[in-house]
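Dear colleague,

I am handing over the structure below, and after it you will find notes on what came out of looking through it. Please read them with the structure open beside you.

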Amino acid sequence: MRFTNRLQLLWGYLRRQTRLDALPVEYIVETTAKCNLYCPMCPRATHPQPKEDMAEEVFERLVSEAGRTAEHMMLIGLGEPLLDARIYDRIELCARHGISTLLSTNAVLLDERAGERLLETPLEQLTLSIDGASKATFELYRPAARFEQVRDNCLRFCRLKHERRSRLQVVVQMVRLERNTGEVEEFVRFWRAVPGVNHVRIKEDETNLLQPEARHDPRDWRHPCHYLWRGPMYVKHSGEVYPCCQSYMLDGRPVGRVGEQPLEEIWNSEEIQRMRRLHALGRAGEIDICARCMIAIPHPLLVTGSLLVHGKLVRRALPVIERLALKLPGRWLQPPRKRP
């Protein structure tokens, strides 16, 4: 079923179809809107969030409807997943439906007990988000966190994972920002030497909070954005559904709500079909949220590759793909550009 679903998505993407007979392979699911940090580069600075978790019935409905076709769910959003008391049960529920899961944590709450509980679950990948190699830089971007505590939490967890020979993929990630660019080499060198770490990822900033002037060149839109055909679909803690992970942060409107319409109906809503149509025509810049989006647009061959293999393999290979992408010709991956 999942392979057939991927082929249908690929056919729809290559044919530039606006209505799809398949569901996304990936979802971003915000199981909680609560967070213990307020970081200057986070959309929470401009989009205040309630201290609420996703209702159990909403999550169960989503997993039930997506279970036959979904391959990967990133249980993240604008909240800290370890503040969700049901996060371990949610990982288990996804696994029972054959869906692999990813978490990303700021690691403030990743104490020994939380680490042990995570290692007892079938979690596929854990991203440890650490935006600096030094105390001064880290605490500039994470003003309510202590560098030593977070680093020690991550080191202890990686040691536990290594000792247990867990197959969990651990990615240590730094988002490249103005004040931490000079620490990239030190960051990579330190974390690559830690047993239990599978990948060290330097991620480009995908929000427009710190670079609101960045825009895609009109020529970039000769290839449509893959998100509208393969996902990930973004589901807020409230059950509201957005076309992609960027649309909520860019003040887009929801295209449906889990439980009020079937996922197939939401995925083919009038608004999503309008967006696909404009992307297919090379006119995506006419869509406000797309014009201001910071996501790089991949060449169709890269999108094709991402749909020919299982989503779990795509996520595992992503850090390697990103490093290779830096060596590919510019036409293969079109990032937004800063306007003078």
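A salt bridge is counted where a side-chain nitrogen of Lys or Arg lies within 4 Å of a carboxyl oxygen of Asp or Glu. The model is a predicted one, and by this rule the count comes to 18 salt bridges. One of them joins the side chains of Arg283 and Glu286, at 2.8 Å from N to O; Arg283 is partly exposed, with 38% relative accessibility, whereas Glu286, at 52%, counts as exposed. Salt bridges with shared partners also join Lys135, Glu139 and Glu148 into one network.

Another salt bridge, between Arg61 and Glu65, has an N to O distance of 2.5 Å, and both residues belong to helix 2, where they sit four residues apart, about one turn of the helix. Glu240 and Arg257 form a salt bridge as well, with their closest N and O atoms 3.3 Å apart, and this pair links distant parts of the chain, since Glu240 is in strand 9 and Arg257 in strand 10, 17 residues apart.

Turning to helix 7 (residues 184-192), Val184, Phe187, Val188 and Trp191 are buried there. Seen down the helix axis, these buried residues fall within an arc of 95 degrees, so they line one face of helix 7, while Glu185 and Arg189, on the other side, are exposed. The buried residues of helix 7 pack against helix 6, strand 5 and strand 6.

Finally, the second largest pocket has a volume of about 210 Å³ and is lined by 14 residues, with helix 1 giving the most to the lining, three residues.

Best wishes

How values were computed
Residues are numbered from 1 along each chain as its sequence is written. This is a predicted model: local features need pLDDT of at least 70, side-chain atom pairs count only at pLDDT 80 or more; totals for chains, interfaces and linings use all residues. Side-chain values use heavy atoms; hydrogens and water are left out. Buried means under 20% relative accessible area, exposed over 50%, partly exposed in between (1.4 Å probe, protein chains only). Helices (H or I, at least four residues) and strands (E, at least two) are DSSP runs, numbered from the N terminus. The arc is that of the directions from the helix axis to the C-beta atoms. Contact means heavy atoms within 4.5 Å. On a 1 Å grid over the protein atoms alone, a cavity is a set of points where a 1.4 Å probe fits but cannot get out, and a pocket is an open set with protein on both sides within 12 Å along at least five of seven lines; lining residues have an atom within 4 Å of a point. Grid points are joined across faces, edges and corners, and a volume is the space filled by probe spheres set on the points.
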